[in-house]
Amino acid sequence: MRRKKRQVTDLAAIKNLVEKSQVVRIALNGEDYPYVVPVNFGYEWEEEKLTLFVHGASEGKKVSMIKSDPKVAIEMDGNHKLVQGTLNASSYSYAYQSLIGFGEAEIIEELEEKRRALHILMDHAAKGAPFDEIPEGMLKRTGIIKITLASYTMKENVHPDDK
């Protein structure tokens, strides 16, 4: 990391950014170019280990790319705010928080594991709102991707008003 002063190592702050984020961008290795796709997600922590779950079609570009090469990078960000400067453009800045991680993706096939992953997704996306049990037929048709991060780092540039 080039600007060490912006690195965040406090696990509570990292967990807070993940909780507040609703979209994660997944970068996959393509044949000619990298492929980046924004998706909603759910997550779980095991101490400092972060695992993400995303859903979608059971076949398609993401799925075929993961089957070809499971290595992925992820990015999520938030707390965006302009830091206004003077008439000198170089005095402007931008406040933000971002998390970048690297890991491996896998396609979940087992129905009960899919159900658990979808509950994790709903818990995060719907913030505790009730929902009907997911029918088995829907589980069979739904693609679930599990991303286990091997590493991640968080950076932030805090707005002067928030210090």
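This is a predicted model: local features need pLDDT of at least 70, side-chain atom pairs count only at pLDDT 80 or more; totals for chains, interfaces and linings use all residues.
**View 1. Salt bridge between Lys-127 and Glu-19.** The side chains of these two residues come together at 2.7 Å, N to O.

**View 2. Salt bridge between Glu-112 and Arg-115.** The N to O distance for this side-chain pair is 3.4 Å. Both residues lie in helix 3, three residues apart, which is about one turn of the helix. Glu-112 is partly exposed, with 46% relative accessibility. Arg-115 is buried, because its relative accessible area of 16% falls under the 20% cut-off.

**View 3. Salt bridge between Arg-115 and Glu-133.** Arg-115 also meets the side chain of Glu-133, at 2.8 Å, N to O. Here the pair links distant parts of the chain, 18 residues apart: Arg-115 in helix 3 and Glu-133 in the loop between helix 3 and helix 4. Glu-133 is partly exposed, with a relative accessible area of 48%.

**View 4. Network of Arg-25, Glu-75 and Asp-77.** Salt bridges with shared partners join these three residues into one network. Over the whole structure, the search finds eight salt bridges.

Definitions and conventions
Residues are numbered from 1 along each chain as its sequence is written. Side-chain values use heavy atoms; hydrogens and water are left out. A salt bridge is a side-chain nitrogen of Lys or Arg within 4 Å of a carboxyl oxygen of Asp or Glu. Helices (H or I, at least four residues) and strands (E, at least two) are DSSP runs, numbered from the N terminus. Buried means under 20% relative accessible area, exposed over 50%, partly exposed in between (1.4 Å probe, protein chains only).
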